[in-house]
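User: I would like to learn how to read some features of a protein model. Please give the general idea before each case.

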Protein chains: 2
Amino acid sequence: MFKSFKRFLIGRPLKNEAAEGEKLGILWGLPILASDAVSSVAYAGQEILITLVPIIGVAAYGQLTILSAAIIGLLILLTLSYRQTIESYPNGGGAYIVAKENIGTLAGVAAGAALSIDYVMTVAVSISSGILAITTRYTFLSQYKVWMCVGVVLLLMIGNLRGVRESSKVFSIPAYAFMLALAVMIIIGIFNFFTHNYTPVVHSAPVLAASSPVVLFLLLKAFSNGCAALTGVEAVSNAVPSFKDPARKHAKIVLLLLAMLVLFLFGGSTILTNIYQVEPDKDHMVIIQIATLVFSHIPAMFYFMMITTFVILAMAANTAFTGFPMLVSVMAREGFFPRQLSMRGDRLSYSNGILLLSVASAIIIVIFKADVGALVGLYAIGVFIAFTLSQTGMFLKWFRERGKNWLPKAIINGFGAFVTSLVVVLVAITKFDKGSWMVVIAVPVMIFLMLKVKKHYVAVTLQLRLKPEELSSIDISHDVYKNRVIVPVESMNKSSVRALRYARTISENVVAFNVSIDEESGIKIRERYDLLKTDIPLIIKYSPFRKVVDPLLKFIESAEYDYQKGDMITVILPQFTVKNWWHNLLHNRTWKYIQRQLLKHKHIVVSTMPLQLKDDAYVMKNPKYK
Amino acid sequence: MFKSFKRFLIGRPLKNEAAEGEKLGILWGLPILASDAVSSVAYAGQEILITLVPIIGVAAYGQLTILSAAIIGLLILLTLSYRQTIESYPNGGGAYIVAKENIGTLAGVAAGAALSIDYVMTVAVSISSGILAITTRYTFLSQYKVWMCVGVVLLLMIGNLRGVRESSKVFSIPAYAFMLALAVMIIIGIFNFFTHNYTPVVHSAPVLAASSPVVLFLLLKAFSNGCAALTGVEAVSNAVPSFKDPARKHAKIVLLLLAMLVLFLFGGSTILTNIYQVEPDKDHMVIIQIATLVFSHIPAMFYFMMITTFVILAMAANTAFTGFPMLVSVMAREGFFPRQLSMRGDRLSYSNGILLLSVASAIIIVIFKADVGALVGLYAIGVFIAFTLSQTGMFLKWFRERGKNWLPKAIINGFGAFVTSLVVVLVAITKFDKGSWMVVIAVPVMIFLMLKVKKHYVAVTLQLRLKPEELSSIDISHDVYKNRVIVPVESMNKSSVRALRYARTISENVVAFNVSIDEESGIKIRERYDLLKTDIPLIIKYSPFRKVVDPLLKFIESAEYDYQKGDMITVILPQFTVKNWWHNLLHNRTWKYIQRQLLKHKHIVVSTMPLQLKDDAYVMKNPKYK
């Protein structure tokens, strides 16, 4: 039942060869990867205004223009830098790979840790903003926003478990629609402004003059919030291998288109905000408020704008669903994350990575109550750490290789590293009280854990490893040691007779072993046992503590058993398999417990003997069992 | 770590013989069993008043006296009836046993189902009332009442997991203290009334005249609520075997003392309520309001009263913690509940029953938000169904046996059965809208499930059973079939070599089996395998779906493997045991999954080969592994 439900949600399993067919072209690649950057339009400007308006009043709108220009400048710099990365790393130039290869393992792990955290934040921030776009209009839904967000996480999870391309197609058309809607809003909005009179909402008076030093700090903080708009760049360079051939070219085109889109849409909406000067607050999204004004006579366009805003933000979250599982699978393959994260599921997606991302982001959303303002505090710092490490790596690469045109390339990446490292420091300091301290703690903790995980895998490999010369020196063509069997017997029934019979076939040295709580029950079982024609001896031990494992281990160590070092001991345990799942609740798990305890001893093998129980109604009706 | 934490909470394990020492005398038996009935004083009167006062105003206090008298009369009848049950059933005369033996299995199961539900309700109602006693005074704690209740459930759970007598001692002294406090309050309260002037709180005017037919229904409803005071009687007769010898005599004395205590305390507090006429409401407990008035100049006595009220109610819940696990263990032994419920834990308590009761009552408390008024709606019906079945059973017993003095005995139990059956109908009808419908549905559903469980156990026994003549006809002194071994091999390492080596010792017919995703990796493993000196053949199959079980089963069924019906196949799987628990997260559970799948086939035995991983740090340092 569970299986067919899973099939219904996820689809039928795909063969490995199908992986090739799931790759992205420009048409589908652009919306799936650009959405993170483009969607930031919906909250980056908003967060800048929320920081500034209460303190410096209408002057904030002027500052917004300047800050937006700075952010767009940063975007151009990052685009130039990352074009070089894509060129050099056709197999995926994520910060992890670039930093690891050019700086060292620790730098790579640091970049990976920082990025993973940021992917989780991308999902949390984007989905919370997406739901905010809806609750700005339908305020009565505000009380359910956390559960609406978790619902969207679940939908994305299912979509992504089904596989890359299919899930991107689901979202691509409405994503293009958002860009269209926003473009229309910018054009109509500016046109309206020059043809109609519009009086901006009256704001509270400024508390501080725009030139006060406190305001400088605020501006930097606002800039930090705005930097959330740039987190999407990394996704493209990380995803180079998921592009169709020629992958590098496609990736570079997508990156360029992305930058141009952000330039136009972020720039345009900044101008609109300046014109309409709506009052920002945490329950009402600026861009939706503007849409209410611009499309006041075209309600259809307003709803179109609202819905596509929601969808583009869901798609931005989807970027993380593409990037995160890919990143952790690469790192898992090298042993920095649990191995399970490197395995493709039935539909070739990295299912465990998708599940991990879903659970982590849902937890963050619930903890922060889907409050975009609070979430943005933790956002962006991770990705800028990754930018810095990646750009530093690229700089070192050019500097070491000194190939053709190395100097301008090194300068671009070096300057990129310098600027992004400044942003890291800026974000960490200005948003320290807003939660960036959590990321500052979480990154080193994650690095520590990842190194621990790696160490474990290395230790396991070392313990299991057999070099070719060792392998060829081993001879198992004859028996090297003796195998002895112990059959724990609770009572004499078909199950225990079957186990004894099996034991006879695998060893000459078998004993049946019973633990009774008192002599009376010991005598009873001995009487029954003696009816059986067998040469297998029955050992009975008494345990007042109603335990089996301890008396069994004591017996093995006793002189009576005469255990020789090197011998293996096989213990045979019964296991019922039942017809109805709920029947499992009716059989106690003592055997499972015994198995776990025994397997702590390296000379003990536990054999599980299945016993298929028949359907209850069948047994009750069948005269054979009367 | 978990283990030592468990030891700390529960105590060290006890031997079976220790069970005898845990039995109850009168001194400890009275408080642990009487508390249910005595504590009802705290809410039964209150619930009567809440039903009546808003409708008939001060006239309610007069009716309270009449209803209390009726309830006390019912108590006397039940006491007489149950003395006869204790006399006849020295090994525990719970309704389940009495109904089963004298009416039939279905009646027994019905009584058991009804009682189990009521035990859960006892815990929920008593603890919610206990916390209400505290929040009546400290109203700011009201918002946390649900979690306070759940906390008390946990404490009781831990106390009971430690064992019967110890947990009773924890509560006995404060329970006696409550009786003392209540007695003092009754005496001082009545004395004060005659020496001081006291003006009752002004009540809202009556809505209906006391003679209206609607009021008759209300009175019956109020009576139903008051019947909650009588649920403790069953606990005594059920618990006969936990009394010290002579158990019957001790139990009868305890029952008598209990009836006298309730008579005095319930009667006395009814008089007090009549005198002080405080206004009942769901957030303020009547008895605590009276204590505020009576002890207005003796604050120490007020707090003493409040705290002991809480404790007696916690003890009432504790009665259920004694009764429920005992009841379900008896029924589990006969196959009507999962077997696990019949097993004694480390400390000889029926741990699983205790856990089940804790979880069920905590869920009920959370669902009903610890609202006593709402919970009382579901209460009492179960126990009165059990009373009816038990008394009917006793009546039939006397009638069938016709021993000495059978007629008066039959009349007492017959009349008891008649009256309690009237109460069942009354409670079901008058509280139908208040939740008794849930119990009316739940009882037959539980009966259905219990019969299903029984059927499964019978079917299992029939399938496993070997009659002595069958047993003696079996001969396993020689091998009757062949055992063949398959060793799934993922790569050639120490673990797989060890498995192959073991396989050689248990069978002549071994194959190594590998599933590769493509030819390249197949060739690689073949090269490594060929280095090993062995006569075991390696079979390689290709699976594009990255699965192991399906290709393995297909291979077993193939002509290539030449499986002969009757042969057993042993599949050897590796299992890592790790040094740190969290390392388990780093190894995937594929093997567990494979084991589960394979065990669905009755001719396949799964052998688990343990592999103890060494400490990571040790391996990394040890030159042996370099």
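Analyst: Contact means heavy atoms within 4.5 Å. This is a predicted model, in which local features need pLDDT of at least 70, side-chain atom pairs count only at pLDDT 80 or more, and totals for chains, interfaces and linings use all residues. Residues are numbered from 1 along each chain as its sequence is written, chains are lettered from A and ligands numbered from 1 in the order in which they are written, and side-chain values use heavy atoms, without hydrogens and water.

User: Why do the copies meet through the same surface?

Analyst: Of the interface residues of chain B, 100% are also interface residues in chain A, so the surface is the same.

User: Which rotation superposes chain B on chain A?

Analyst: Copies are superposed by least squares on the C-alpha atoms of residues with pLDDT of at least 70 in both. Here the rotation is 180°, with 0.0 Å of shift along its axis and an RMSD of 0.1 Å. The two copies are therefore related as by a two-fold rotation axis. The C-alpha of B:Ser607 is the one in chain B nearest the axis, 1.9 Å from it.

User: Is A:Lys397 buried or exposed?

Analyst: Buried means under 20% relative accessible area, exposed over 50%, partly exposed in between (1.4 Å probe, protein chains only). A:Lys397 is buried because its relative accessible area is 13%. Leaving aside neighbours within four places in sequence, A:Lys397 is in contact with A:Ser88, A:Tyr89 and A:Asn102.

User: How does A:Val445 count?

Analyst: A:Val445 counts as partly exposed because its relative accessibility is 43%.
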